[in-house]
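Hi,

Here is the structure I promised to pass on. Have a look at it first, then read my notes below.

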Amino acid sequence: MKEQTRSVILQCDDITVDFDGFKAVQGMNLRLLEGELRFLIGPNGAGKTTMLDMICGKTKPTSGRIVFGSAEITRMKEHQIAELGIGRKFQTPSIFRTLSVFDNLEIAMKQPRGVFATMRAKLRGEDRDRVHAQLAMIGLETKASWRAGDLSHGEKQWLEIGMMLMQEPQVLLLDEPVAGMTDNETEKTGELLREISRTQSVIVVEHDMEFVRNFASKVTVMHEGKLLKEGSMEEVQRDDRVAEVYLGKRRDADASRSTA
Amino acid sequence: MLHKLLRLPQGKWMLALYAVAAIALFCAPLYLSDFRLNLLAKFLAYAIVALGLDLIWGYTGILSLGHGVFFGLGGYAMAMYLKLTASGGRLPDFMEWSGLTALPWFWKPFNSFAFTVLAGILVPALLALILGYFTFRNRIKGVYFTILTQALVIITTTLFIGQQAYTGGTNGVTGYTKLFGYSIASPGTKTVLYLVTVAFLIAAFVLCRVLVKSRFGKVLRAINDGENRVRFIGYNPATYQMIAFSVSAGLAGLAGMLFVLHVGIISPSMMGIVPSIEMVLWVAIGGRGTLVGAALGAILLNSAKSVFSETYPDAWLFFMGALFVIVVVFLPKGAAGLFTQLKWFKRKEAGHEGADSVRYPAV
């Protein structure tokens, strides 16, 4: 019932992408509501990451269209899409390694992105507070002046999440955010995602089934570039086709962490 | 006392060092012979090129092997003005020899000094902007961009050599007499020109430093670290690269103008492949990614070159070669890289204390 009152923030209509004859995604539809936390799962090669790539402009769909809010973003450039309010976190942590942790967050902050704007930009007190608040949230307060490349793997993941939050996007796309994290860190990431989804919409590509079960409200299952099933985790788990292609024979054993 | 001095904040230390360096440069006419002063003036012009190159290569990560062209365009602009002054209303000598009867239209505006100075900076900057527009927007980068800049050098030098009637061909443009009515070769004029060069070098340094320290500079370094990532946080790297390349070319043009004033000639060989590569070497050896390193690299390397070539006319090239090898093998980030590494190391050490208490993010 509640879902009816929320509006659609992101809509992918019948999108297909063709890599030299190989259709990584075929006629995929996706509707994301405002304030939704959506998990995108599926076996390797199902086209999950390609979906994220198309939404953020890294890959252009061969056909179909993507609408964000009221704007069609299908053919827009990456930086235009990012400026409109779609943030992306990649699978491998990609931060600016020679910049300090503070500077990484500073340039990611929501602000005018033009050349002359950044030449004149001054770090105002409120900007500093904003960066420090973010540093506190990602637990890197004492490492603000560190060269980002010197951080540990987990810290880099957090820094990248922090950078994405600094952009204040309306839609966040995360590709395997908990890969390589400890249980403790995974738990905290899940809580953070839940927190974020109160105000922003999130799509998470994830392999860690326990993580998905703990935090997912709605799950989209992809298989061979197509939509296989969409629904709550319970519905998805009951579905025989899903069990067949994804959970496989290990349906009973899926309490163990699978990173297939 | 010394201990107290050492405890000054790093920023103040650097400021004091800069002030000492600036004073030393401004006082150079008091302790250098005319000959040495003229050489130093030339090296300071080179240092301006190095600053610009560092902006595009050291900070943005784009290697240009075509800065000789931008340098040369600035040089030719000044040369045209000086030649027209020397010819005193008549046709420049090399044009007469080539059978021209009237001054070509594009030479005419160079009767004005103001136009010359503007053109000497803006023509290279605009050329870089156009080249950058077609390359960076199409995401041509890395070695492909570098090869394109080499092509630019070959095209330009071939054009300048071929159009002898308009450019003086292989001989270039020389035979200047006066600047604002003063003899260009007199020691007094030379000293003034030296001081002007010092002023421009300081201005160029301040400009680059402001750019590098601004958020714009941080985005440039971010592009160097990961151009794609920059796109996904909403910046268009192409615009940033174009502007950085253009500023860099403008500085090379400025340096070219000063160079001609000191040396009294510009020819295609001064904007060719070899000088273009040499310019990059100054930055590589001085230390890319630090402005002081780049500028010092240009000055010290050229000083070494002139000292070695005077003292060991037969063996100086070997000395230079050895110097390159040593720096490349042992100091991959150049001489200045040593200090930067030290700085990060110190910070890291300091950062380790108490870091464990906030190991886990507080969500």
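Predicted model: local features only at pLDDT ≥ 70, side-chain atom pairs only at ≥ 80, totals over all residues.

Residues are numbered from 1 along each chain as its sequence is written, chains are lettered from A and ligands numbered from 1 in the order in which they are written, and side-chain values use heavy atoms, leaving out hydrogens and water.

Chain A has eleven helices and ten strands (DSSP runs numbered from the N terminus: H or I of at least four residues for helices, E of at least two for strands). Its C-alpha atoms fill a box of roughly 55 × 40 × 40 Å along the principal axes. Of the 260 residues in chain A, 55% are buried, meaning under 20% relative accessible area with a 1.4 Å probe, counting protein chains only. As for contacts (heavy atoms within 4.5 Å), take those in chain A between residues at least 6 apart in sequence: 69% of them join residues at least 24 apart.

Now for Gln241(B), which sits in helix H12 (residues 237-263) of chain B. Is Gln241(B) buried or exposed? It counts as buried, because its relative accessibility is 2%. Beyond its neighbours within four places in sequence, Gln241(B) is in contact with Ile56(B), Thr60(B), Ile62(B), Phe136(B), Ile223(B) and Glu227(B).

Cheers

Note on methods. Buried < 20%, exposed > 50% of the residue type's maximum accessible area, 1.4 Å probe, protein only.
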